[in-house]
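Dear colleague,

I am handing over the structure we spoke about, with the sequence alongside, and below it you will find notes on what came out of it.

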Amino acid sequence: MRWAVRITAGHGAGHVFTGPRSIVAGRGDDCGLRVPDPEASRVHCRFTIEPPHVEVRDLGSRNGTRVNGVLAEQSELADGDEVRVGSTTLRITVSPAEFPGYALEHELGRGAQGVVFLARDTTTGEPVALKVLHDVRPDTAGLFLREIANVRALRHPNIVDFRGVGDEPVPFLVSTYCPGGSVDRLGRLTAREAVPIILGVLAGLAYAHGAELPEVRLADRTTTTARGLVHRDVKPQNVLLDGGIARLADFGLAKAFDVAGFSGHTRTGELGGSLEFVPRAQVLNYRYAPPWVDVWATAATLYWMLTGRPPRDFPLGADPVAVVLRENPVPVRAREPSVPPRLAELVDRTLTEETPMSAEDFAKALDEVRE
């Protein structure tokens with residue numbers, strides 16, 4: 001059996017290792033396992049991992065490394081052990097790296113809900129993306145189950161395909177593997193490179209915004225059909241490339257907008273999405289966010305692809321919510337003068353929030369100004 005070692009701080013998804021790895025923990029920016037704790041040393045300790053075996057060795061840290069409360073220069077670790085780095089507790093989990101029908105290969109990325117791995121279907125050998133839920137608190141598990149329901153209902157070339165789901169050894173979701181990765185890894189793109197990708201995203205959104213959802217669970221535990229899903233988390237990290245085709249991923253925050261307020265999934269005053277890529281309307285009324293917030297986020301994603309920066313500046317130490325509510329987006333050409341003027345004007349106009357656009361309308365306007 002293949003094994004995985006997980007090192008977790010608090011309630012996060014943690015770092016998961018399925019093969020040999022040596023990783024330094026500390027508060028330094030160059031540490032592979034960064035511990036942003038003023039009581040931790042810049043270079044604190046080293047984990048040597050050969051699943052299922054894992055060892056920790058102190059690297060001359062100021063306050064020492066404790067294993068299960070005891071100072072240790074070097075120690076072999078086991079499932080359930082706790083390593084104290086400064087005032088931060090790192091928990092060690094050793095678990096199977098194989099899931100029914102799938103074998104993990106390596107990590108592709110991680111987010112608030114869990115970790116995404118490249119895996120292989122053990123029957124066909126086909127590569128898939130396997131999302132593992134490590135944080136099983138009720139609210140996080142609820143988001144994960146919502147994503148499963150949403151992705152299962154959607155079938156479109158520009159949206160990742162649902163492949164399967166399971167709950168052993170931990171809850172997981174299987175979907176299309178996109179070998180091109182996410183667009184946030186591409187760096188700044190030209191208009192000719194970026195616009196076709198965004199047109200694919202808009203095609204996927206236009207479909208999602210009108211898709212029939214056969215089984216939406218309401219707060220009273222009954223189910224109903226609904227039409228239209230708003231994503232609420234469109235951003236570069238959630239736009240994947242599959243052989244040149246853009247696919248929208250991660251529907252964990254998506255909501256059936258025509259039954260907004262009845263599902264009980266989103267509480268009054270709750271906020272979700274990545275603040276660099278959300279409009280004011282989504283901050284002010286996340287629960288009832290309409291489809292056009294996805295279009296704004298898509299325009300913000302295009303802005304990022306063209307300039308390498310989000311539409312608003314977020315100064316160090318500033319409250320990001322306050323930035324979204326008070327600051328206007330910086331004009332595209334103030335960031336990158338080489339962006340074609342007509343394209344820049346369209347993106348700037350879309351980001352004002354004064355004239356909300358549908359995905360179809362924004363796609364049509366983009367097609368008219370592309371060069």
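This is a predicted model: local features need pLDDT of at least 70, side-chain atom pairs count only at pLDDT 80 or more; totals for chains, interfaces and linings use all residues.

A search of the whole structure finds one cavity of 30 Å³ or more, a cavity being, on a 1 Å grid over the protein atoms alone, a set of points where a 1.4 Å probe fits but cannot get out.

Residues are numbered from 1 along each chain as its sequence is written, and side-chain values use heavy atoms, with hydrogens and water left out.

Lining residues, meaning those with an atom within 4 Å of a point, are Trp292, Val295, Trp296, Thr350, Glu353, Pro356 and Met357 for the largest cavity. Five of them are nonpolar, one is polar and one is charged. Helix 4 (residues 292-307) supplies three residues, the largest share of this lining; helices (H or I, at least four residues) and strands (E, at least two) are DSSP runs, numbered from the N terminus.

Turning to the strands, five of them form an open sheet of mixed pairing in the order 4-3-5-6-9, where two strands pair if DSSP finds at least two bridges between them. Strand 4 (33-34) and strand 9 (74-77) are the edge strands, each pairing on one side only.

Finally, Ser61 sits in the loop between strand 6 and strand 7. Is Ser61 buried or exposed? Ser61 is buried, with a relative accessible area of 11%, where buried means under 20%, exposed over 50% and partly exposed in between (1.4 Å probe, protein chains only). Its side chain makes a polar contact with the side chain of His44 (3.3 Å), that is, a pair of N or O atoms within 3.5 Å, of which, within protein, one must be able to donate a hydrogen and the other to accept it, residues adjacent in sequence counting only if both atoms are side-chain atoms. A polar atom of the Ser61 side chain also lies 3.0 Å from the backbone nitrogen of Gly64.

With best wishes

Key: On a 1 Å grid over the protein atoms alone, a cavity is a set of points where a 1.4 Å probe fits but cannot get out, and a pocket is an open set with protein on both sides within 12 Å along at least five of seven lines; lining residues have an atom within 4 Å of a point. Grid points are joined across faces, edges and corners, and a volume is the space filled by probe spheres set on the points. Ala, Val, Leu, Ile, Met, Phe, Trp, Tyr, Cys and Pro count as nonpolar, Asp, Glu, Lys and Arg as charged, and the others, Gly among them, as polar.
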